Amino acid sequence: MSLFKLFNVKKNVTFYLTFVVAILIIANNDHGFAHDPKENLVANKIFSKLKEPTKTSASAIGSYAKGCLAGAEPLPFNGPNWQVLHPQRNRNWGHPETIELVKRVSKAANDLGWTGLFIGDISQARGGPMPYGHKSHQMGLDVDIWLTQPKKLGLTTDELKAVEPISVRSRDHRHTNSNWTDEHMEILKFVALDEKVDRVFVTAPAKILMCEKATGDRKWLQKIRPLGGHHQHFHVRLHCPDQGFGCISQTPSISNISQSDDGCDHTLNWWVTTALEPSEKTAQTPKKKKPKKNALSFTMEDLPEQCLSVIHSD
């Protein structure tokens with residue numbers, strides 16, 4: 001074979017291979033994402049465009065605030081004891097263990113006399129950073145559950161938009177208000193007693209009140225952690241799954257961070273006293289520090305390497 005003919009054969013093979021790869025990328029764009037590292041896109045723009053999960057086994061990858069999710073399962077928008085409050089966000093995806101937990105908790109609320117629960121954000125279809133709303137919720141092991149008791153479920157889109165979430169915190173941020181009920185405490189207790197749950201975030205006045213009222217074995221209270229902003233919903237965080245080899249547990253652990261078996265120690269008082277005081281102004285202008293990267297600024301290079309496979313996978 002002449003050199004000229006050999007060159008043409010190699011040229012044609014290269015052309016056809018390139019063509020096939022291009023077709024595959026285009027065909028997969030409805031599922032995976034043709035990520036070009038040169039563009040250096042913010043990761044939340046990539047993950048928010050992915051509307052379907054990977055067709056792989058479930059895997060929580062990375063950490064709660066820097067990770068992604070493979071093989072996610074959807075929580076149906078409407079269930080026998082729950083309804084997703086913001087279905088248009090497409091954040092009803094989670095690790096299978098999270099989805100099963102939501103179903104258990106919703107059933108428990110129903111057993112207490114509630115119609116069920118309004119469920120907030122879990123994760124995106126492939127987890128990852130979100131463009132707004134959360135720094136965590138990135139690997140399908142976080143879920144927000146609203147403290148508003150549904151009057152009915154199966155609401156229409158317009159009815160969901162009209163739902164006004166209640167707050168269980170007083171205006172001065174120091175106490176619970178009349179919206180707090182014994183059922184709220186029982187639901188939180190049910191969640192905290194679940195072995196799959198690592199911790200639960202809720203407004204400090206609610207934790208303080210539960211510390212005052214709880215009787216018997218109080219160890220479940222240790223999982224209830226005070227956190228600002230959580231007065232309309234509580235945030236459940238699950239442990240890394242048993243087979244979650246790429247999942248990083250949160251540190252410090254609840255047992256290490258608590259100063260008592262039930263977490264009802266003197267540190268709780270800080271949340272309703274010192275934390276509410278206005279910060280003192282310093283005479284000197286503080287030096288501007290370079291802001292740390294977070295969910296709003298992460299690129300794919302900042303996330304675990306496995307997340308590249310997650311965004312490219314079918």
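When I say helix I mean a DSSP run of H or I with at least four residues, a strand is an E run of at least two, and both are numbered from the N terminus.

Quick word on what you're looking at. This is a predicted model, where local features need pLDDT of at least 70, side-chain atom pairs count only at pLDDT 80 or more, and totals for chains, interfaces and linings use all residues. Residues are numbered from 1 along each chain as its sequence is written, and side-chain values use heavy atoms, with hydrogens and water left out.

Back to helix 3, residues 96–111, and its partner helix 5, residues 182–193. The two pack at an angle of about 150 degrees, with their axes 10 Å apart. That makes helix 3 roughly antiparallel to helix 5. For the cut-offs, under 35 degrees is roughly parallel, over 145 roughly antiparallel, 65 to 115 roughly perpendicular, and the rest oblique. The axes are lines fitted to C-alpha atoms, for helices over the stretch in contact, and the angles run from 0 to 180 degrees between N-to-C directions.

Which residues of helix 3 and helix 5 meet? From helix 3 it's Arg 104, Val 105, Ala 108 and Ala 109, and from helix 5 it's Ile 187, Phe 190 and Val 191. By class, that's six nonpolar residues, no polar ones and one charged. Nonpolar here covers Ala, Val, Leu, Ile, Met, Phe, Trp, Tyr, Cys and Pro; charged is Asp, Glu, Lys and Arg; the others, Gly among them, are polar. And contact, all through this talk, means heavy atoms within 4.5 Å.

Helix 3 also has a list of buried residues, including Pro 96, Ile 99, Leu 101, Val 102 and Val 105. Buried means under 20% relative accessible area, exposed is over 50%, and partly exposed is in between, with a 1.4 Å probe and protein chains only. Just after helix 3 you'll find Gly 113 with a positive phi of about 110 degrees.

Zooming out for a second. The chain comes to nine helices and 10 strands. Of its 314 residues, 44% count as buried. Take the contacts with a separation of 6 or more: residues 24 or more positions apart account for 75% of them.

Now helix 6, residues 204–213, which is mostly covered, with seven of its 10 residues buried. Those are Ala 204, Pro 205, Ala 206, Lys 207, Leu 209, Met 210 and Cys 211. What do they pack against? Helix 5 again, plus strand 8 (197–202), strand 9 (224–226) and helix 8 (268–271).

On to some single residues. Trp 146 sits in strand 7, residues 142–146, and is buried at 13% relative accessible area. Setting aside residues up to four places away in sequence, Trp 146 touches Leu 85, His 86, Phe 118, Ile 119, Gly 120, Pro 165, Gln 232 and His 233. Ile 119 is 27 residues away in sequence, but 6.1 Å away C-alpha to C-alpha.

Ile 46 is in helix 2, residues 43–47, and counts as buried at 0% relative accessibility. The C-alpha atoms of Ile 46 and Met 300 are 8.9 Å apart, across 254 residues of chain. Then Ala 295, in the loop between helix 8 and helix 9 (306–312), is buried at 2%. Ala 295 and Gly 128 are 167 residues apart in sequence and 8.3 Å apart C-alpha to C-alpha. Beyond four places in sequence, the contacts of Ala 295 include Asn 44, Pro 129 and Met 130.

His 137 has a positive phi of about 60 degrees although it isn't a glycine. His 137 is in the loop between strand 6 (117–119) and strand 7. Buried or exposed? Buried, at 0%. His 173 has a positive phi too, about 70 degrees, in the loop between helix 4 (157–161) and helix 5, but His 173 is partly exposed at 31%. And there's a cis peptide bond between Thr 251 and Pro 252, with omega about -5 degrees.
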